[in-house]
Amino acid sequence: MADGTYQCPDCKTVVKVEGRVMNIFIKGLKGWPRHPGCEFGKDIDHIDFSKLERIS
Amino acid sequence: MDEEERRLLDNMLTALKDIRTNQEKQNKIALLDIFLDQNRYLARKVRAGEAYVQPAFFFLTVAGLATVTFTTTCPEGYIAMSHVFISNMSQSGVFSITYSQDGRITPFFTIVRAVPETLELSQLVPYANIVLEWDFTTIVNNDPVQQWLALTSIDTFIRKEVWERDKEELEQASKEFRLLREEQNG
């Protein structure tokens, strides 16, 4: 599994991945997924991490 | 006017004063009743432009035996009150949901086996569901295969300084309300 912290290039949502746990951080406007086609809207087994910006 | 007439008039005046006092108390009780009802309070704040309503919809596909957590921070200068929490899912009893607020010692609620349901928070636990800064939700799919979960929450965001002011007034109102009710019952 691709452990690390990732950011969606479109909505800038930050998600920290640890094993099979996705930790999502939202400020202000609630709701999920943030936009149609957001890579984070998929489950952890189907996310294409290459489409996301790796922060750490 | 003789003594008897004067006494009768005094009695009538006292009775009228009592009626007026009681009417004032009843009016106050009616007003406080509105103030202590969370939905009515929030409606007033929204009308006054001191708060806004924000429905939020979540749709999650969670992989088998995977976990998703949400850390949500209130908008700068606002606190949140939740009215309703609605859940629906692909299969009952596969998700565990834990919801915590502002670092409270125990979670606001823990659902070990979630089922589709609606919680009318503003009716069931008025003023108990306030998020001052952040909340934290953990969702675990205990099933070995992928499942989906849909959550809806309707929140009202109130300006922090407005809530700080109103909180004190609410406390005062609840004391007055209790005293007035006791007098009425007595």
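I'll start with one pair: the side chain of Asp135(B) makes a polar contact with the side chain of Lys30(A), at 3.4 Å. Keep in mind that this is a predicted model. The two side chains also meet in a salt bridge, N to O. Between chain A and chain B the count of salt bridges is three.

Where does Asp135(B) lie? It is in strand E8 of chain B, residues 134-141. Is Asp135(B) buried or exposed? Its relative accessibility is 4%, under the 20% cut-off, so it counts as buried. Beyond its neighbours within four places in sequence, Asp135(B) is in contact with Lys30(A) and with several residues of chain B, among them Phe70(B), Thr71(B), Thr72(B) and Tyr99(B).

Now the interface as a whole. Chain A contributes 20 residues to the contact and chain B 27 residues. Together the chains bury about 1,800 Å², with 52% of that on carbon and sulfur atoms.

As for polar contacts across the interface, the rule finds 18 residue pairs, both residues at pLDDT 80 or more. The residues of chain A that touch chain B split into nine nonpolar, five polar and six charged.

Last, the strands. Strand E3 of chain A, residues 21-27, runs parallel to strand E2 of chain B, residues 67-73, and seven bridges join them. One example is Lys27(A), whose bridge partner in E2(B) is Thr73(B).

Note on methods:
Residues numbered from 1 in each chain as written. Chains lettered and ligands numbered in written order. Predicted model: local features only at pLDDT ≥ 70, side-chain atom pairs only at ≥ 80, totals over all residues. Heavy atoms only, no water. Contact = heavy atoms within 4.5 Å. Buried area = accessible area lost by both parts, 1.4 Å probe. Salt bridge = Lys/Arg side-chain N within 4 Å of Asp/Glu carboxyl O. Polar contact = N/O pair within 3.5 Å; in protein donor to acceptor, adjacent residues only side chain to side chain. Nonpolar A, V, L, I, M, F, W, Y, C, P; charged D, E, K, R; others polar. Pairing = 2+ DSSP bridges. Helix = DSSP H or I, 4+ residues; strand = E, 2+ residues; numbered from the N terminus. Buried < 20%, exposed > 50% of the residue type's maximum accessible area, 1.4 Å probe, protein only.
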